[in-house]
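Okay, everyone, thanks for coming. Let me put the structure up and then walk you through a few parts of it.

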Amino acid sequence: MRRAQAVVAAGRPAAASSTAPAAPPANARQPLAGIRVLDLSAYIAGPYGCTQLADMGAEVIKIEPPAGDNLRKYPSTLQEESRAFLGVNRSKRGIVIDLKQQEGREVLHKLVDTADVLVHNFRPGVPERLGIGYEQLKQRRPQLVYCAVTGYGETGPMKDNAGYDQVLQTFTGICAMQGPQGGEPQIVYGSVVDYYAAALVASGVNAALFERSRTGRGQYVGVSLLRSALAMQSARLIKAEGEPLDIGRDMRSGGITGIHPAREGYIYLSANTPHFWATLCERVGLPKLASDERYDSVRKRAEHAAVLVPKLRDALAARTAREWEQIFGSDVPCAAARQLEEMFDHPQVLAENMMADMQHPAVGSYRGFTEAVRFGDAPPPAPFAAPALGQHSDQILAANGYSAEEIARLRALDVIR
């Protein structure tokens with residue numbers, strides 16, 4: 001039988017730990033309750049940024065073209081919907097609007113009239129051609145926080161280039177740093193640039209909303225994958241005056257810190273402090289290494305990796321990765337390499353209420369991640385499934401003053417779906 005569900009639409013179960021935060025006050029509300037977001041973006045960066053806003057209590061309306069968000073078409077073992085789309089777009093209502101038609105743009109304008117935030121990832125110039133650029137919508141809705149997600153930014157010689165996660169990884173040196181020194185560049189899988197850009201969308205929009213609370217005015221928020229990829233490498237992007245460009249910028253400690261094979265499986269170990277290094281040596285049965293002044297710093301251990309790593313791996317071969325994880329406990333930073341699927345029911349994930357069961361009209365019940373940020377004085381989010389294409393079109397338009405006859409006419413003209 002599956003362990004107790006972490007989150008359901010009605011709320012979360014009582015926490016298992018006595019150190020869990022107290023229940024929020026009875027009159028508490030989520031930080032972005034009452035904020036309405038129009039999400040015109042596709043793929044990951046913009047949509048997941050909007051999902052984080054939904055986690056914080058915002059009402060998010062996902063606006064898609066007739067063909068839908070292209071993420072829906074990504075490979076998936078789910079026949080009815082893309083797994084990626086479901087994971088990126090939870091807790092949104094969905095409507096289809098053809099913005100290439102004048103009446104479609106008029107529908108959007110009416111939605112803008114009651115919106116607080118608009119997010120899109122059109123290439124520079126496209127919103128203006130559609131009549132939905134920032135300056136154009138600002139005249140209609142001065143309070144609007146307008147967030148544009150681009151590949152390379154709004155200016156410069158590459159502003160019109162198509163930007164995707166792995167393109168920007170390759171462009172900004174992430175792939176070169178990921179690969180072996182002097183070797184073939186390697187992609188970091190998992191859309192890390194996109195997901196960090198999503199976090200920048202959420203933080204940028206929140207900052208603009210905070211400023212609006214003081215001035216009453218919205219503003220433009222620019223997020224790009226280029227900014228995201230460079231921000232992720234801030235510790236590497238330092239060049240002192242007079243130093244050459246071609247210097248060591250690798251942040252990896254080398255040697256001991258890393259993934260090592262055990263008798264069964266693999267374990268990641270970190271031994272960057274004197275305490276962790278001494279404890280590691282003691283637990284694996286190599287206490288003399290800890291007192292050897294040749295290895296008493298991270299730098300020295302990296303320099304002597306050719307000597308130390310074989311000794312460590314010989315010792316680790318005595319037990320499985322999971323056994324070593326138990327032996328090290330919280331005294332040595334470590335983790336046995338696991339499959340992603342184990343996270344669905346891992347006790348720590350469940351204790352933190354990071355999973356939810358949701359109902360989708362085509363997929364049925366599915367389980368997924370929720371609540372990236374916890375707020376102690378707010379009720380937990382009640383996540384719901386990503387929308388089917390155009391699932392809430394009638395509901396959204398009716399709530400914005402459209403009659404049933406008007407909705408039927410717009411659908412007959414293929415303005416909505």
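So, which residues are buried in α1? They are Ala45, Gly46, Pro47, Tyr48, Gly49, Cys50, Thr51, Gln52, Leu53, Ala54 and Asp55. Buried here means under 20% relative accessible area, with exposed over 50% and partly exposed in between, using a 1.4 Å probe and protein chains only.

Quick housekeeping: this is a predicted model, where local features need pLDDT of at least 70, side-chain atom pairs count only at pLDDT 80 or more, and totals for chains, interfaces and linings use all residues. Residues are numbered from 1 along each chain as its sequence is written, and side-chain values use heavy atoms, leaving out hydrogens and water. Helices (H or I, at least four residues) and strands (E, at least two) are DSSP runs, numbered from the N terminus.

Now the sheet. Six strands form an open one, ordered β3-β2-β1-β4-β5-β6, with parallel pairing; two strands pair if DSSP finds at least two bridges between them. β3 (93-96) and β6 (220-224) are the edge strands, each pairing on one side only. On average, neighbouring strands are turned by 20 degrees against each other, direction ignored. Between β4 (residues 117-120) and β5 (residues 145-150) there are four bridges, and Val117 stands opposite Val145 in β5.

Back to α1, residues 45-55: this helix packs on the sheet, touching β1, β2, β4 and β5, and its direction makes about 165 degrees with that of β1. Contact means heavy atoms within 4.5 Å; axes are lines fitted to C-alpha atoms, for helices over the stretch in contact, and angles run from 0 to 180 degrees between N-to-C directions. Helix α3 (residues 102-112) lies across β1, β2 and β4, at about 155 degrees to β1. After α1 comes Gly57, with a positive phi near 110 degrees.

What about disulfides, meaning cysteine sulfur pairs within 2.5 Å? A search of the whole structure finds zero. For Cys50, the closest cysteine sulfur is in Cys147, 7.5 Å away, so too far for a bond. Cys50 is buried, at 0% relative accessible area.

Last one: the axes of α10 (residues 274-284) and α13 (residues 305-316) come within 10 Å and cross at roughly 50 degrees. The two are therefore oblique to each other. Trp277, Leu280 and Val284 of α10 meet Leu308, Leu312, Ala315 and Leu316 of α13.

Technical notes:
Parallel < 35°, antiparallel > 145°, perpendicular 65-115°, else oblique. Disulfide = S-S within 2.5 Å.
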